[in-house]
There are 6 protein chains.
Amino acid sequence: MSRVVAFGEIMLRLSTERHLRFSQSTAFGATYGGGEFNVCVSLANYGVNAEFVTRLPENEIGFSALKEIRKMNVESKNIVYGGERLGIYFLETGAGTRGSNVVYDRAHSAMSTIQKGQVDWEKVLEGAEWFHWSGITPAISESAAEACLEAIKVAHKLGVKISCDLNYRSKLWQYGKTPSEVMPEMLKYSNVILGDIDTAYFMLGIPKVNPNYQDEKSLPAVYDKLFELIPSLKVAATTLRYSVSASHQRIGGILYDGKAIYSAAVKEVTPVVDRVGSGDAFMGGLIYGLLEYNNNQRALDFAVAACCLKHTIAGDYNLVTLKEVENMIDGDGSALVSR
Amino acid sequence: MSRVVAFGEIMLRLSTERHLRFSQSTAFGATYGGGEFNVCVSLANYGVNAEFVTRLPENEIGFSALKEIRKMNVESKNIVYGGERLGIYFLETGAGTRGSNVVYDRAHSAMSTIQKGQVDWEKVLEGAEWFHWSGITPAISESAAEACLEAIKVAHKLGVKISCDLNYRSKLWQYGKTPSEVMPEMLKYSNVILGDIDTAYFMLGIPKVNPNYQDEKSLPAVYDKLFELIPSLKVAATTLRYSVSASHQRIGGILYDGKAIYSAAVKEVTPVVDRVGSGDAFMGGLIYGLLEYNNNQRALDFAVAACCLKHTIAGDYNLVTLKEVENMIDGDGSALVSR
Amino acid sequence: MSRVVAFGEIMLRLSTERHLRFSQSTAFGATYGGGEFNVCVSLANYGVNAEFVTRLPENEIGFSALKEIRKMNVESKNIVYGGERLGIYFLETGAGTRGSNVVYDRAHSAMSTIQKGQVDWEKVLEGAEWFHWSGITPAISESAAEACLEAIKVAHKLGVKISCDLNYRSKLWQYGKTPSEVMPEMLKYSNVILGDIDTAYFMLGIPKVNPNYQDEKSLPAVYDKLFELIPSLKVAATTLRYSVSASHQRIGGILYDGKAIYSAAVKEVTPVVDRVGSGDAFMGGLIYGLLEYNNNQRALDFAVAACCLKHTIAGDYNLVTLKEVENMIDGDGSALVSR
Amino acid sequence: MSRVVAFGEIMLRLSTERHLRFSQSTAFGATYGGGEFNVCVSLANYGVNAEFVTRLPENEIGFSALKEIRKMNVESKNIVYGGERLGIYFLETGAGTRGSNVVYDRAHSAMSTIQKGQVDWEKVLEGAEWFHWSGITPAISESAAEACLEAIKVAHKLGVKISCDLNYRSKLWQYGKTPSEVMPEMLKYSNVILGDIDTAYFMLGIPKVNPNYQDEKSLPAVYDKLFELIPSLKVAATTLRYSVSASHQRIGGILYDGKAIYSAAVKEVTPVVDRVGSGDAFMGGLIYGLLEYNNNQRALDFAVAACCLKHTIAGDYNLVTLKEVENMIDGDGSALVSR
Amino acid sequence: MSRVVAFGEIMLRLSTERHLRFSQSTAFGATYGGGEFNVCVSLANYGVNAEFVTRLPENEIGFSALKEIRKMNVESKNIVYGGERLGIYFLETGAGTRGSNVVYDRAHSAMSTIQKGQVDWEKVLEGAEWFHWSGITPAISESAAEACLEAIKVAHKLGVKISCDLNYRSKLWQYGKTPSEVMPEMLKYSNVILGDIDTAYFMLGIPKVNPNYQDEKSLPAVYDKLFELIPSLKVAATTLRYSVSASHQRIGGILYDGKAIYSAAVKEVTPVVDRVGSGDAFMGGLIYGLLEYNNNQRALDFAVAACCLKHTIAGDYNLVTLKEVENMIDGDGSALVSR
Amino acid sequence: MSRVVAFGEIMLRLSTERHLRFSQSTAFGATYGGGEFNVCVSLANYGVNAEFVTRLPENEIGFSALKEIRKMNVESKNIVYGGERLGIYFLETGAGTRGSNVVYDRAHSAMSTIQKGQVDWEKVLEGAEWFHWSGITPAISESAAEACLEAIKVAHKLGVKISCDLNYRSKLWQYGKTPSEVMPEMLKYSNVILGDIDTAYFMLGIPKVNPNYQDEKSLPAVYDKLFELIPSLKVAATTLRYSVSASHQRIGGILYDGKAIYSAAVKEVTPVVDRVGSGDAFMGGLIYGLLEYNNNQRALDFAVAACCLKHTIAGDYNLVTLKEVENMIDGDGSALVSR
């Protein structure tokens, strides 16, 4: 069983029920999630030995997040403790013509005040095969960026494969630095990058190229610069999303390995139960696929199928089994009752 | 900020949850709403100074309705008190091939026993720009019809603009008079009328004309008689609804100003979270648009967009902001997560 | 008013809410249902005098099922008591690309340990016009199969019409016999059989014929063997289901009376509120239609409309009125709000 | 099995949950109940053949009440249909120093507009042993009082035993007659009367006597006048309630049979889950006890125990078994877990 | 109608339901409250013209708090906007031997970063009779303390009466100053102080005196130093709480006006529905009593009764009417059902 | 950190909410628990390295139980898989005079069909300090009794301390053997036994002695026979429970170590949130106390305090921290809000 370590933030998610607006709600659903943790849950569900490293506050809300991590069978032994509060985000789930709305309340979180040196990465990453991080961690604070870079460097030194989900969020990056000042140094050790090419180029300080993802012939040229800039890069992938409405998505994906473009068939996703974390489900599926299948097409198909299934799952992470994802790839999509 | 006053009934709405039938329900969702109040909420959300006048019973159910009015930032200072009970309606929300079902229990309500003279309309309407009423008030009782006519006459005298949503409900009008005996006198002061033309003609005692709303060329002729009969009329508008199923609507709109026909593009609305009050959302959007935009096309587009968004909101009234409606008009409808 | 008796199992159904997965649920919705009982509820709703015979355990869970039977106006006076437990099934309702999932926990139920002779069928069926059973009862245990065969023989002797819903479930039939060892003797008294032809042939031990249900011309030949094998057979019918996704079904139906093929127009069913019991809703509609309409096309249309409406109803059985089904047959499907 | 018929009103009860106030509630628990129906449910739970006669509106709310009657195993076949609405009452459950609050919304109900002659009492009461009514029915309208008197006279003519729970409610009696104008004629056929003696005398137009229920010696003299005025009277009983707080009651009871005073030991009832219907639980227990025990002390003890248990049951009626009440009489009150 | 203005923080309160612990909760009840706002709600419920001044963030959570303020009929027009977030507190409601637990997450709130000069106090307090603040505001940040002192000085200048609830919270005061460095300057303008005398002396930097509140004779001496230090002081009051368990409190109160000690009878409060805000309910009752009764004993009794009733109300503030508090003072505490 | 291993059954618990009866419930709360697992949770909460061994079915209900075990930080790596179903118990929580009611549905569970040899106890118990089992396991089936005896013998061989909670349940023991045929062989290796002395003697086939637990002087003589029969016995303890009502308990405890009697002060427990598992909380506290305190009085006080706190916690196991139990021992019981 492979061992994968991810580093990032887990938050308390407070969501309105039944499409209510915030001001109509007399209760909020309370779950816990965050991009990198969501990837760990996907992997644990597929049988991978997944570990999540973060910083949690020593209060009952932090301990409740810890219980959730344990419930999901994600290793928590290297989590560090301290800081003021667990980050929160409020989610109002939209429908049809009304998009979902997120209100972040994650500033001053325990993770955002983590310091370089608080995690013993040599110990954590010993024997690991894969290290995963995302563009959210450097976006929340300078010290979190530094702590993440520290982890990346140790992973690189130990020969651990490194993946990054670019995850650009314009509402973050509030601490005075821009992505292009921070990300190039962090991305240069990557073996796998998830995100559309313009986001990658934006973070690396390179002008937009506006790729046509439908035109598979032209894509290698578009991607090649990225492979040049990051010599260790083996795979660049992106989800393709066509949003018909908040309740109806069409989902596909593209993967480039420096040699060939792989493309997954677009699938209809309607209704959308919960769209948050669907990119993390793709990432989790991609890591699993690359670790286990030795077949880039299958890895991409697995990632896309996992991403589609995530839209049917309430909460941040993708509560589906390996068999359910494989059935989705191999099945006819008719989603019959199993009985 | 414009000042708009509406007069009508607010009811306790008791609705089944999660598409349950009445006999399956061990609890009813409890909210408060009513056509003219719903219009006020829309306007208050857009920044208009909106006031609602009604009659509430002096019991805890009436006071709960009052608290809801206040919460929505609708002025309540001229509400009058007395009578036996707050009107109730029971709502069973359908899905797909099963339509929603309403059971009215509004007879003998405080509003239905209001009397002419109980509201000091000279005081209420002083300084107002707009007075709104609907065809529901004259439908519930003779005394309510008289009280409404009194308000209309004062509004007319004071030069306040008057709008009416025809809102014909066949289950009402039980007190011995027909619409054509009551409505012509009330409608003759209108500046804006919302409703399809055949409903208008029915209420005025004129034979059906079966307009083809798709044929914009023929519509002016169809509407002109209405403008003749009501010389003060400036705008007649109607929503166009194509019901694919209880969960899927197509919504458009038509506006005629005596000179030109304006038509709004039809939008897909699926799934439908709550269809009740979507006409009131259109009316609220139309009043706002006419007050603020000085552009009939924009006013109509605003009304249609507001109406579409209402279908995604649980409860009677349209809990959306000015910005959300404008984004819907100007956007691509993809309803992405805002984060 | 016709009198119809059904024999089978009623279970406690424990279902997750709002598309949650089992492991996310801190509560399960608790209702009661089972194929043959569901048929009784449909019939009682249409005004038929319906009676359900089963075996219930003498504990509070069994008595709660009994209260549900009474609530639904289904006669319960010939139910027998004893045994260890009420059967349970767990239901996780899917959405979109994720199908619903059923976990059975019905082994060792009171009904599965019923014995021949525990029900006085001569008394129960006296004066009845119709007896209904399904392929689930012989699938749960040998003694249940024997008890059911006993009922069938008495019904046959008394000249009561007999219908069977084949209801093949591969997860059942665990007690050492195959359908083709048990079903032929049971089916040979049938007047009406519901199920696709290959299931019928499988249960009778005859090779598959793979009928093309779209080709109405070829169907009589396909069905004729069934009519030969079961001389008392008057009607064979099947639902046609095209599953677009867990949330979107297309529903039609075929009926053959030994002379002519009847076919019902396919209807769109989306969203699906609850798909469980939709076959029972078809069966209930078919029995009603055959009893009341003397018109095979109308009977089939009624069954298909009832089946479609069931998809909008939470729980196992079809809580719709006769008028609602008839409106669906005769209406335009627009499912407007009734108010 | 004895047959008991009761006549009265059943209402929709809308209650706030978890001690919330009306204005805090976004949902109301929905159950159905009413004094005389509650008595029927008690009796049905004890194995008595209980029938409830009322008038229900022909809408979905009325039919939901009907389903509840059926669920409770109370015969409903002689219920009549018609009228505008089902009566409603709103209940806000108090706690500690805050008492519960009821808002009635029962005017204009189907039952309040019932007319003499709508029920065929000769048929209904044929073969019955007991007829029960309460002081609520004559309090809601003149026509209901007349319809009730009609039933009483038929019961008397057929030799059916008659019981009345005085149930004086000052908020009712709004139609222009006082109890002393209406009740004497109705009460004169009673065999059993439940209520404190001053209420009885008030309804009969006799001055207060302020009995000391603790002084069992003086009570026969206090009651004797009642037995003189109502020669058919066999038993007069009353609950004794000492209200420590909304959450803590002390419950006892007194019974006089014209010869001896029987007194039941006072029991502590805390916490109070739901106090509504506890008098009906006493009445149901008393009827059962008088029918089955031939022992006035046991009958009274049964009534008091049933009344105590009702305080632990949510909803209007007493969902306890015969065995549970008997265990309470005979047990030590320690209320251990049964497992 | 008197006009009272309060200044302080309103927070989102996230509470577990049904005594669940934080880690068991999949949803949190969401309400809004805070000491000084709670006082406003009490006053508005009693008919006082109450205004709340605070600073709210311009996001949907802040706007939801605003809607709650409006619902409660508390004037909100002078609220200022800005800052990062609405303060949050998590509440786990205990029972019996387990106390309730609060986790604060209020650092960095909009109110804690308010600055002197952001509120135009001359305008706000014009025409007001009373200004209320509490020891929480100077405890959250230095700038909040300064902003509060600014308000106090303007109130004093304009001759507005000033009350302070000392409300010492050891978990706050984290910004580097102690109460005795900040509070003396703020308290010196007070006319009414709520809190026990040792808290007052601690805040003023004076040694503990350990008063015996049962010994009314010795109390004037104990209080006199406070009156000396604060010459404008007219009334000092404190609640007396004896905590039997988390579910059972005994509540009394003491008031000293510089001349005489007033003492209120201790009342039993069990069960406790929600204890949070009971001090604010006392404060609201005291202000009302002092404004309206011109009778210190009545004012204190009113405050104690209000405080007791608050324990039966879910949420932070006291949703009771003037009449309910008066009934509690004048009644027998039996808390009968009102019907 | 000590390592403790427990062996037993975990069940799905389905409980009614808010004191509803089974037949009123449209949903059941779903949690997981069982005596020996509950002990593990207590220990894990106090910082002990606790492991639970059981047999789970390989279906989604079994996997949900597994997730709960992980969430509680209890080691699950030696759980074995197979069998038909997870045992279920239904719980109806009583109040006041109505006791809670349990309906078992645990026959045929995966654990009841476990076989000797399925667990590798040599491996499991290597390095463990303590092994815990209870009288429930031998009560459910003969093969479970054998599997448990196998574990006990290995524990004994490895020098692991052994504790047993007698937990006699008359509704179990249905497989043809009596406790006195099975238990003596199992109990003879015990170091710690929890249960009242008469239960111990009953299980060992010795006549009742009816000890007076209030008379501490006479207890050693009563216990000595037990110590004679079980030479390895070091500690016998029992909870003392006085049940005032279902909502009010008084809890104490007795411990005898062969030399001295230790007695814990009786504590009031009211209201009772959930009484199930309070004995397991005592057992968990006792094991912790004996492991950590080297002070029998402290160990007993800890067990009693833990048991009291459990009554305030919903669900089967005791979700309290070490600090909360210690505060309860050392505190004044006033259960103030912590803020």
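Residues are numbered from 1 along each chain as its sequence is written, and chains are lettered from A, with ligands numbered from 1, in the order in which they are written. Because the model is predicted, local features need pLDDT of at least 70 and side-chain atom pairs count only at pLDDT 80 or more, whereas totals for chains, interfaces and linings use all residues.

The symmetry relations come first. Chain E is superposed on chain B by a rotation of 180 degrees, with 0.0 Å of shift along the axis and an RMSD of 0.0 Å; such superpositions are by least squares on the C-alpha atoms of residues with pLDDT of at least 70 in both copies. The two copies are thus related as by a two-fold rotation axis. Within chain E, K71(E) has the C-alpha nearest that axis, at 2.0 Å. Both copies use the same surface, as 100% of the contact residues of chain E recur in chain B; residues are in contact if their C-beta atoms, placed from the backbone, lie within 7 Å. Four residues from chain E and four residues from chain B take part in this contact. On the side of chain E there are three charged residues, one polar and no nonpolar. Here Ala, Val, Leu, Ile, Met, Phe, Trp, Tyr, Cys and Pro count as nonpolar, Asp, Glu, Lys and Arg as charged, and the others, Gly among them, as polar.

Helix α2 (residues 60–71) of chain B packs against helix α2 (residues 60–71) of chain E at about 135 degrees, with the axes 7 Å apart. Axes are lines fitted to C-alpha atoms, for helices over the stretch in contact, and angles run from 0 to 180 degrees between N-to-C directions. α2(B) and α2(E) are therefore oblique to each other, given that angles under 35 degrees count as roughly parallel, over 145 as roughly antiparallel, 65 to 115 as roughly perpendicular and the rest as oblique. K67(B), R70(B) and K71(B) of α2(B) meet K67(E), R70(E) and K71(E) of α2(E), a contact of six charged residues with no nonpolar and no polar ones.

Chains C and F share an open sheet of eight strands, ordered β8(C)-β7(C)-β2(C)-β3(C)-β3(F)-β2(F)-β7(F)-β8(F), with mixed pairing. Strands (E, at least two residues) and helices (H or I, at least four) are DSSP runs numbered from the N terminus, and two strands pair if DSSP finds at least two bridges between them. β8 (101–105) of chain C and β8 (101–105) of chain F stand at the edges, each with a single partner strand, so one side of each is left without a neighbour in the sheet. The twist averages 30 degrees from one strand to the next.

Finally, in chain D, helix α6 (residues 179–187) and helix α7 (residues 197–204) pack at about 105 degrees with their axes 6 Å apart, which makes α6(D) roughly perpendicular to α7(D).

Definitions and conventions: Two residues are in contact if their C-beta atoms, placed from the backbone, lie within 7 Å.
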